[in-house]
Amino acid sequence: MPPSYESKQQERRIVGGCVVLLLAAIVLGSAGCSKTKNENTAAGGGGHTSTSADNSNTGSSSQSSSSEGTPTTWEMSAATLNGKDGETFPLACSPGGTAHSVWGSDIYTADSSICTAGVHSGLITYQQGGTVNIELRPGRAIYGCSERNGVTTSPYGPYQHSFVFKTPNTEAVVREADDETPVLWNTSASMVSFETGKTYKFKCPPGGKESAVWGTDTYTLDSSICNAAAHAGKLMTDSGGSVTIELRPGESSYKGSTRNGIKTNGYGAYPHSFVLK
């Protein structure tokens, strides 16, 4: 029996339950993890938990021009730097680091762990740490996700501030992330800001893994983007590829089917949909 609309909504509320943890972090200011689940309920974005509680090594001193970088903790996020867009910060991540939450891929939300994002980008390792140079950037409407160097990042919808790593190929990397938002095979379209008729382009990695999809041709917004694309014949699971979705109003019902080796589920009324272009 397919899950009820209420049970699917309940699953989202469970995923977003970590929002209550944000209340303790509000005192850090609007530059911190100030977004809440309620701001992204329509988009289905997951709530962030703050990873910047220990900011004893942050503040104006972080703007040091030292090539060695200002010592920082693995918990620290760019939201604690109190800098302006375009400002750069050399930061030194200590050896023996531990993983903390990261949202985005190449372009990261400002409340992501800087050092963990550095591992994700291949610039440093947990074991050895190292110096990274970040640049603060304006916020974005959508942040992708990917698996790299032992770090799996999460997707997110609109967020007010971002950061990137300054390297010789920064601009090329940012352009690529702008052109096609990277996603995983279990990433749904729920994190987007819903606007009927709006299109988004995503990039699915090779080696697809099965994840839930509801519908045929028209899919519920919380369906896996990549699996829906494979079902619609837009890409192959083994090779991945680029796909474009268009947001559509909800349907009164969604029919399941099996196509191209992908089985989708039937469902009743659901408020938002997408189609593959």
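1. The open sheet. In this predicted model, six strands form an open sheet with mixed pairing. Their order is β9-β10-β13-β16-β12-β11.

2. The edges. Which strands stand at the edges of the sheet? They are β9 and β11 (215-216). Each has a single partner strand, so one side of each is left without a neighbour in the sheet.

3. From β9 to β10. Strand β9 covers residues 181-182. It runs parallel to β10, and two bridges join them. Find Thr-181 in the structure: its bridge partner in β10 is Phe-202.

4. From β10 to β13. Here the pairing is antiparallel, over six bridges. Strand β13 spans residues 241-251. Within it, Thr-244 is the bridge partner of Lys-201.

5. The two faces of β10. Side chains alternate along this strand, residues 199-204. Tyr-200, Phe-202 and Cys-204 point to one face and are buried.

6. Strand β11 is joined to β12 (residues 218-220) by two bridges, and the two run antiparallel. Gly-215 stands opposite Tyr-219 in β12.

7. The cores. The largest nonpolar core has 31 residues. Leu-81, Ile-114, Ile-134 and Phe-163 have the most contacts inside it. Elements giving two or more residues to this core include α2 (114-120), β5 (130-140) and α3 (170-179).

Key: Residues numbered from 1 in each chain as written. Predicted model: local features only at pLDDT ≥ 70, side-chain atom pairs only at ≥ 80, totals over all residues. Heavy atoms only, no water. Buried < 20%, exposed > 50% of the residue type's maximum accessible area, 1.4 Å probe, protein only. Helix = DSSP H or I, 4+ residues; strand = E, 2+ residues; numbered from the N terminus. Pairing = 2+ DSSP bridges. Core = buried A, V, L, I, M, F, W, Y, C linked by side-chain atoms within 4.5 Å.
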